[in-house]
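My entries follow in the order I made them.

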Amino acid sequence: YSFVLFCLCSVPLCLRPMQVFTKTKSEIYLFFNLVCDPADVISTVEFNQTGEFLATGDKGGRVVIFQREPQGEYNVYSTFQSHEPEFDYLKSLEIEEKINKIRWLPPHNPAHFLLSTNDKTVKLWKVSEKDKRAEGYNLRDEEGRLKDLSTITTLQVPVLRPMDLLVEASPRRVFANAHAYHINSISVNSDCETYLSADDLRINLWHLNITDRSFNIVDLKPENMEDLSEVITVAEFHPHHCHLLAFSSSTGTTRLCDMRARALCDQHAKLFEEAVDPSRRSFFSEIVSSVSDVKFSHSGRYLLTRDYLTVKVWDLNMENKPVETYQVHDYLQTKLCSLYESDCIFDKFECTWNGTDSVIMTGAYNNYFRMFDRASLRDVTLEASREVCKRRAVLQPRRVCVGKKRKETDVSVDSLDFRKKILHTAWHPKENIIAIAASNNLYIFQDRLTPNGHHNMPEIQSAPPK
Amino acid sequence: MAGAEGDDSLYPIAVLIDELRNEDVQLRLNSIKKLSTIALALGVERTRTELLPFLTDTIYDEDEVLLALAEQLGSFTVLVGGPEFVHCLLPPLESLATVEETVVRDKAVESLRKISQEHSPVDLEVHFVPLVKRLASGDWFTSRTSACGLFGVCYPRVSSTVKAEIRQHFRTLCSDDTPMVRRAASSKLGEFAKVLELDYVKSDIIPLFTALASDEQDSVRLLAVEAGVSIAALLPQEDLEDLVMPTLRQAAEDKSWRVRYMVADKFSELQKAVGPEITKNDLVPAFQNLLKDCEAEVRTAAANKVKVFCESLPEDSRETIIMTHILPCVKELVSDTNQHVKSALASVIMGLSTILGKDNTVEHLLPLFLVQLKDEYPEVRLNIISNLDCVNEVIGIRQLSQSLLPAIVELAEDAKWRVRLAIIEYMPLLAGQLGVEFFDEKLNSLCMAWLIDHVYAIREAATCNLMKLVEKFGAEWAQNTIVPKVLGMANDSNYLHRMTTLFCINALSEVCGQEITTKHMLPVVLKMSTDQVANVRFNVARCLQKIGPVLDSSALQAEVKPVLEKLATDQDMDVKYFALEAISVLALA
């Protein structure tokens, strides 16, 4: 069975000792795999509103921005150090430089703006192009040597001359000192003047132009920390309604808050929660039900949530159960004990919609990622690894089997590599282009072009239903 | 112009021009701030043909540099050759009006508005209006938001065809795709309405206002409230009911608390704009609802307006409206669950007494004051105490004194030093209103206790307070009541308290006058010059310097001089320093 996605490019983001951007030599991939620096591990991936740009953040605090070339491939556009490691002297805590989230702002002017955050501080970056340079000094020549004063008889006004394109990233705002716990999400409001930042217990609302104050809108911190029963895992604004925000918690619930009702959103407007079958309750029930990602659909009608074993689609109008539930890796049900021991059970997988909300994508182990077509209910497992992602090669579906292998290409559950996991994925807002972060590698896949140059509609082909 | 004058005069200007592109932001900023000097040296011709084109493209700079540039260009007309050439300033300001930084854009718009007045009517249509149109139809929201602020200034001075175009552009921006532009349009709607002919206000502005006030984004709706107030002020009374009130009523009951908050915040302006009849019929019930709103922020904003609203009610029915409609809501707010609501109310509630007169105050308001004086939050109590003067005029403060005293004592001993500090600052006011007897009996001991507070800021405020009390009650009172106590502290075992004596003397010597200072204070100060703590000794020197001018010259020569001379040989460096300083300031050398 062939799959419509093929590899557009895969970029090992090893930026030290030098920036390497190679697309063809598989030996080089192997080389970098061996020397993978933990700082190079990608921690977030995000397309901008048009899909022309793709930003990644890594554990080393760097942001790399890719721009789509007219031919369709993504090339590095700008790289900058967004966050540096810091030390909180009051609490005697190290603050990692790891970029937890990146969010693009809607376009303002020819420059591009994005928010990046580590555990404590959100920064607003401007990425702009410069193609002119001022020339002509009065007191010095162009090499910087001082001129003989007696030769200066007239004043010279500098003139601007064209120069090679220079892309600059400059920090515009630093939103600091508002979070006592680790920031897990940032989300820009559709009013384009505010954004939220959420940590384990609180959600703060900021104005993009004001850095010295923010408003606390949700506070789950109990009087006594021993009464703590849940933490906030993700928070996101509604794509169109500036007053709606959703946040999910470690207990498997997702709450929708209406900011119109009150200044403090401690009381939710809706609570999305599925009753757990008491007969299936176990020690792990609560851990695996913790929501690791929440995404509003582009239409604003649905919520997509990811927990450890499933992705669920909720209709905003129905709180008591999801309208769709997809098993991501059901075969892990029996492995929860060892996954708990290795801490893998706490991995936070993200999930994403395609541009038309018809397909859902999320990551899994063994460098596999899963796609679910909501209309046909077909699903597919694909692998993002150097061995299979040859340039222009079409990806082959993978199958994980619990018992005996039925086919040569099947992979047994026991041979899955749980160190290789795909946590961060992103889908181009308009086209069928996806970006997959696997450790220090970024894979960009594109839908196969039809002969007349048009893209296929997303169509998932997999084993026909039995 | 320049050039012929030789190198010496060119050099400083050449440095300024070169520093326009220095790597150091501060130097660039300095250079931009002296842009008029550069332009003057270049002359009007070169300013227009060389300097301005360069500046037009310099929009990559730091915000503070761009901000300074935008401001400079607003007063550049003379430097480009006067009103005839003022349009040369438009290109650089146009590019500044599109940058992403709001403060820079706002400043560029401000400068554009300023220079629009210097355009002749012809230039306005040939140069300025096309710029406004370009901005209004720009690709980026930044340029469209800037355009919103420019319609108002050119509209009154252009032909009727251009006026129609301008109205059309404004209409388009009011229904822009991005909320940023709709917000900008919404916030400029009132201003634009002011320059429009009344017919167009009714035919154009009202539909735009109605649309913006029901925008899907509450951030747009809340800005429409302010526009509504301006529009209401423009319309004749008979049109208000049909054209504006339905929308404003809807805003007062908006689903979003932020919109209701805005209505509450603008309530007195609104009241003024709609006049007495609508106030009676519409605004009174609306205000009642805002005072009972479910969101504390809204109640706080409304509570802040209670006094102003009541004051501006039509006189004939004022008292009835307050007693039957407003007061019941106010009574509920006194026991609100939110401290900010109560504190906002406490800051204005006393003002109602002048409106309601003596009998109503005693019967209805006094119980509320007393409840608030016992509130659990110090800010509420402080706000009541700080406004006592209003009640004093109406019923006299004695009515309150029974409850006032425990409230003051409790605040005076509050665990938070900022609360203690706040009550100290009201002491002189209270003393004036309560009278000297009451003060001596009840409050004097508090004032003295603050002198030995363990927070320096409190001790400092307490000394200052003593000075103000003496100003109020006179030197004789000081000599009998506070001076002995202050001087007594000079023998305290804690050196901080001994220093407080000196600080008090610093503050009191002038108001107490020469006699008390020489006879009572000076001996104590001089005695303290042998204190074993160096800090006390150098404060003795500083104190002597301070009280020196109050003393007569014989006391200075005979008593102060020897002591200072001795301190000047002290082994401690600081003591020596301050003693020498005092000797030189008092001219005793």
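I started with Asp316(B), which counts as exposed at 64% relative accessibility. My classes are buried under 20% relative accessible area, exposed over 50% and partly exposed in between, with a 1.4 Å probe and protein chains only. The model is predicted, so I noted the limits: local features need pLDDT of at least 70, side-chain atom pairs count only at pLDDT 80 or more, and totals for chains, interfaces and linings use all residues. Residues are numbered from 1 along each chain as its sequence is written, chains are lettered from A and ligands numbered from 1 in the order written, and side-chain values use heavy atoms, with hydrogens and water left out.

Next I looked up the partner of Asp316(B). Asp316(B) forms a salt bridge with Lys280(B), with the closest N and O atoms 3.9 Å apart. By salt bridge I mean a side-chain nitrogen of Lys or Arg within 4 Å of a carboxyl oxygen of Asp or Glu. I placed Asp316(B) in the loop between helix 19 (306-311) and helix 20 (318-334) of chain B, and Lys280(B) in helix 17 (residues 267-291) of chain B, so the pair ties together parts 36 residues apart in sequence. Helices (H or I, at least four residues) and strands (E, at least two) are DSSP runs, numbered from the N terminus. Lys280(B) is partly exposed, at 26% relative accessible area.

I then turned to a network. Shared partners in salt bridges join Lys126(A), Arg172(A), Arg173(A), Asp63(B), Glu100(B) and Glu101(B).

How many salt bridges does the structure hold over all chains? I found 58. One of them pairs Arg183(B) with Glu193(A) at 3.4 Å, N to O. This pair crosses between chains, from helix 11 (residues 179-195) of chain B to the loop between strand 12 (183-188) and strand 13 (194-199) of chain A. Arg183(B) is buried, at 8% relative accessibility.

I also checked Arg171(B). Arg171(B) forms a salt bridge with Asp204(B), at 2.5 Å between the closest N and O atoms. The pair links distant parts of the chain, helix 10 (residues 160-174) and helix 12 (residues 198-213) of chain B, 33 residues apart. Is Asp204(B) buried or exposed? Asp204(B) counts as buried, at 11% relative accessibility. Arg171(B) is partly exposed, with 32%.

My last entry is on Phe283(A). Phe283(A) counts as exposed, at 57% relative accessibility. I found Phe283(A) in the loop between strand 19 (270-272) and helix 2 (285-289) of chain A.
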